[in-house]
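Today I look up charged side chains that pair up. My notes follow the structure below.

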Amino acid sequence: MKPLIAGLRAELVKLRKSWPLLISILSPVCMVGFILVLFWFSDAVVIRFRPGYRFWLDLNFTAWNLIVLPVIAAVVTEMSWEQDKDAVAWRHILHQPIPTINFYLAKLLSNYMLFWGCILIMFLLLPLGGKILEKNEALPMGSLDVKLMFQYLIFTLSASIPIVTFHTWFSFRFSGSGPGLGFAILGTWGTMKLIGITDLIQLLPWGLSSHSSIIFERWKILPWNYCFGALAVTILFVYVGSIDFSKHAFEKSLERK
């Protein structure tokens with residue numbers, strides 16, 4: 001446990017003044033800010049979705065899970081591995097007398113913490129954005145449903161875990177942002193197409209996040225039971241990533257751009 005904690009501390013130090021950290025902070029700010037501007041100048045459309053606060057939460061929740069989360073998961077995890085590669089860090093850490101798997105698990109935990117912080121920033125901005133929108137008298141915002149917002153928060157945190165787990169491994173195994181980004185977009189799109197066709201989509205990394213689209217169909221509920229499938233996917237890719245890293249980390253450290 002001590003080597004893992006030490007590795008996690010080292011990973012958190014790497015995040016300081018890094019591109020992965022900057023992207024993770026700016027992503028929720030830019031998304032919420034963009035949707036806020038759309039709301040402000042689209043009062044004729046927002047009026048159809050009374051109360052406005054519900055539509056505000058739904059739109060941000062869906063945009064994050066369907067678009068932003070898969071994309072930045074692919075980009076940020078790739079940049080995190082690339083950071084180590086540029087610093088030639090693996091050649092040094094792999095010679096330490098501790099199991100190699102600890103380095104991978106530390107990277108994975110740091111990615112979890114990065115994305116959880118990112119998601120918390122987004123949900124802290126939602127009430128603030130709602131207060132700003134209340135200043136527009138043309139928007140019937142209504143009242144904030146705190147319980148619903150908390151449910152969306154828990155669901156989003158849960159949906160991020162299998163996606164981050166998958167891309168942490170994928171970005172290590174297949175270098176370059178192109179493959180990861182393409183896989184994230186195709187995976188999300190393909191999973192959405194399978195909604196309502198088979199329950200096996202819960203065994204895909206995007207199984208939970210893709211279901212955010214159903215909230216606009218008010219008679220449907222979020223598939224909380226799919227969290228079990230997400231847990232199974234997470235365990236699978238933690239195992240695959242750990243074994244893969246143990247076998248190929250040194251080989252990867254010798255690769256040149």
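I start with the term: a salt bridge is a side-chain nitrogen of Lys or Arg within 4 Å of a carboxyl oxygen of Asp or Glu. Side chains of opposite charge can pair when their charged atoms come close.

I note that this is a predicted model, where local features need pLDDT of at least 70, side-chain atom pairs count only at pLDDT 80 or more, and totals for chains, interfaces and linings use all residues. Residues are numbered from 1 along each chain as its sequence is written, and side-chain values use heavy atoms, with hydrogens and water left out.

**Entry 1.** How many salt bridges does a search of the whole structure find? I get three.

**Entry 2.** I look up Arg173 and Asp244. Their side chains form a salt bridge at 2.8 Å, N to O. The pair links distant parts of the chain, 71 residues apart: Arg173 sits in helix α7 (residues 146-173) and Asp244 in helix α9 (residues 227-253). Helices here are DSSP runs (H or I, at least four residues), numbered from the N terminus. Next I check accessibility: buried means under 20% relative accessible area, exposed over 50%, partly exposed in between (1.4 Å probe, protein chains only). Asp244 is buried at 11%. Arg173 is partly exposed at 26%.

**Entry 3.** I turn to Asp58 and Arg54, whose side chains meet in a salt bridge at 3.2 Å, N to O. Both lie in helix α4 (residues 52-86), four residues apart, so about one helical turn separates them. Is Asp58 buried or exposed? I find Asp58 buried, at 0%. Arg54 is partly exposed, at 26%.

**Entry 4.** I finish with Lys131 and Glu134. Their salt bridge spans 4.0 Å, N to O. Glu134 is partly exposed, at 35%.

How values were computed
Helices (H or I, at least four residues) and strands (E, at least two) are DSSP runs, numbered from the N terminus.
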